[in-house]
Amino acid sequence: MTDLAFLALATVTVTSSILALEARDLVYGAAALGIAFLGMAGLFFLLDASYVGAFQIAVYIGAVVVLILFTVMLVGPQLGEPPLELKRLSLLAATLLSLLLGTAGAVSSASAFPGPDNCGSGCDLVGLSSTLINQYGVQLEFLSLVLAAAVIGALTLAKTERKAE
Amino acid sequence: MVAQGIPEETGYILFLFAATILLVVVVRLVISPRDPRPTPEKRAPFESGQISAGPGRTRFIIQYYPYILMFVVYDVIAMFLFAWALNLRALGATGTVPVLIFMVVALPPLAYALHLANQRENW
Amino acid sequence: MVNPIIDLLTSTYFLEIAVFPGLLSIAILGALLGWMERKLTARVQLRVGPLYASPAGGILQMFADIIKLLFKELTIPDGADRFFFIMSPVTALIIGAALLGLIPFAPGIQIANIEVGLPVFLAIVTLSPTIVLLAGWSANSKFPFIGGLRALFQQTAYEIPLWLSTLGVVIVTGTLSLTGIIEYQQNRGWLIVPQLLGAFLFLVTSTAEMERLPFDLPEAESEIMMGWQAEYPGPLFMLAQGPAFVKLYAFSALFTTIYLGGYLGPAPIPPIVWFFIKTIIIIALIMLFRSTFPRVRLDQLLRQGWTTLLTLSIANIIIAYFLVVGIPVI
């Protein structure tokens, strides 16, 4: 049952990611991206990481996809140039990349990455919260610096674009 | 392995999808009257009876775009606050210090953004 | 071959998702809420409201409307995007109905008891302005498009204060699951007492989320002619109007669960009746907002959302923090 759910979710995620890249109409592409994120959220739920899954839906699909949709609707169908057609090069790149990722997956599945079973005490919600704040407090501060820089950078970019008109 | 309660909710949502789409299909095929030769006026966008001038999708509200940017970032910040709030009884005052620094760093850009939003010629 | 299907159809789970608190009860309650709103606003405005549809004060009016809408012709405007035009109201209705699967109606009646029930509820809620934006875009018409864009900007104004107002509840109870919150209220009293500011903020921001007056910019009837729903023909219009009532029901049910103790109440009245009494009081309160306040302007809404509402929710979090950790004695 879990395997069936995983297969379904993986198919949905990969298919909608491909659709997001290849769709002619960009609004369809953005919506397909939202479906891909939904598939990823489903994978999180399948791994019993329901906190991450819930906020994946809330933040990614609720905020990021909506931002992308708004921008795509703003730009509209009159894009710059049509996408480049590099069939052979892209086929070579796809083969190399799948080889790389397949090897990495095969190596890491037999390695010391803790699977969901041997998660210890840090995996339930309370443990997650304690670990995040006590053990990774410094990383949290760096994260807030990154977020603050993102806000200021985005606002500055938006501002100068308006002034340049 | 799956989180508790998620299969029931997913099954419920899939059932709702199936039922609603079935309803729409049944209505479309069986119930609603269909017009084999619709006149051009019928197929034009409605707009409550006005004659539409120009294409649709033209009026953009760009001037509040920065609010969306701020929203995306502060959404992520709210996610971390939920992780903190969940465990406050165990973390106590000492555990709140990292989160307090987190908020102190993340809030001044909000003040800057609102200050910018006051100057209307920017957006 | 037939036996598993019959087992599935008669299991408790299927009854829950199909009849109560699932699809059928949502449909019937949605229609009844529509009647209640029209009667209530009529009384406030010194009118009578629906009267003729049945001997009992027009209570069948909404069902008559639904039947009428079902028999109308499905015309899709020129240049509209067919897929999104049809799928958007369907998805909006499903988002509204999915919210009700998370709420504990009575000690045994809950479709999905998720450990992170409150964030999942908020996550599903966040999806609906995206759908409204797509619906407004897909109709290839000016008024729906403006309505969809307004829904997007309205989301950026109230979404974070909505989350932060529920954060106070999470601080006080220490749990994210809705059944856990009700258990806390069973032992320690209703959460509206320590979280009065949070409850008020939740009421205001959830009214904004539901796109009801005074925050019904996306659907402004006197400005942009039903906004994002303007182009929808008969049956799709019914599917587009449905989420308004379903979300009203869902948000009032959530308010009852996290602030008013859900189904808790003294013994002779069964818990499910207590739940509905409290939910209908909150629904009536939110409906009274509609007939009392004028509409907020978009820039007013954005400014107030990011200054006043955000400050109040942070103040609420600070109050909840001191309630839990205790005021340090200097």
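Guide: Chain A splits into domain 1, residues 1-77, and domain 2, residues 122-165. Over C-alpha atoms, the centres of domain 1 and domain 2 of chain A are 22 Å apart. This is a predicted model. Chain A holds six helices and zero strands. Read from the N terminus, its elements go α-α-α-α-α-α.

Confidence comes next. Chain A has a mean pLDDT of 82, and 82% of its residues reach 70 or more. Within chain A, confidence is highest in helix α2 (residues 26-46), at a mean of 91. It is lowest in helix α5 (residues 125-135) of chain A, at a mean of 81. Where pLDDT is low, the predicted coordinates should not be read in detail.

Now the packing. Chain A has 165 residues, and 25% of them count as buried. Take the contacts in chain A with a separation of 6 or more: 47% of them join residues 24 or more positions apart.

One residue of chain A deserves a stop. A:Asp48 is not a glycine, yet its phi is positive, about 65°. A:Asp48 sits in the loop between α2 and α3 (50-75) of chain A. A:Asp48 has 18 C-beta neighbours inside 10 Å, so it counts as partly exposed. C:Leu46 is not a glycine either, and its phi is positive at about 60°. C:Leu46 lies in the loop between α3 (23-44) and α4 (61-70) of chain C. C:Leu46 counts as exposed because 6 other C-beta atoms lie within 10 Å.

On to the neighbours. Chain C meets chain A through 16 residues on each side. On the chain C side, helix α6 (residues 117-138) gives the most, with 11 residues. By class, that side of chain C has 13 nonpolar, two polar and one charged residues.

The axes of α6(C) and helix α7 (residues 142-173) of chain C come within 8 Å and cross at roughly 170°. An angle over 145 degrees counts as roughly antiparallel, so α6(C) is roughly antiparallel to α7(C). The contact of α6(C) with α7(C) has 14 nonpolar, six polar and one charged residues. From α6(C) come residues including C:Leu118, C:Leu122, C:Thr126, C:Pro129 and C:Trp137. From α7(C) come residues including C:Phe145, C:Leu149, C:Gln155, C:Glu159 and C:Trp163. Glycines take part too, among them C:Gly136 in α6(C), and C:Gly147 and C:Gly148 in α7(C).

Helix α7(C) leads on to chain B. There, 57 residues of chain C are in contact with 52 residues of chain B. Several helices of chain C, namely α2 (12-18), α5 (82-99), α6, α7, α10 (234-259) and α12 (298-325), each supply at least two residues of the side that touches chain B. The largest share comes from α7(C), with 14 residues. That side of chain C divides into 40 nonpolar, 10 polar and seven charged residues.

To put the two helices together: α6(C) gives the most to the side of chain C that touches chain A. Helix α7(C) gives the largest share of the side that touches chain B. And α6(C) and α7(C) run roughly antiparallel.

Note on methods
Residues numbered from 1 in each chain as written. Chains lettered and ligands numbered in written order. Predicted model: local features only at pLDDT ≥ 70, side-chain atom pairs only at ≥ 80, totals over all residues. Contact = placed C-beta atoms within 7 Å. Helix = DSSP H or I, 4+ residues; strand = E, 2+ residues; numbered from the N terminus. Nonpolar A, V, L, I, M, F, W, Y, C, P; charged D, E, K, R; others polar. Axes fitted to C-alpha atoms, helices over the stretch in contact; angles between N-to-C directions. Parallel < 35°, antiparallel > 145°, perpendicular 65-115°, else oblique. pLDDT = per-residue confidence, 0-100. Buried ≥ 20, exposed ≤ 12 C-beta atoms within 10 Å, placed from the backbone. Domains from an automatic or database assignment.
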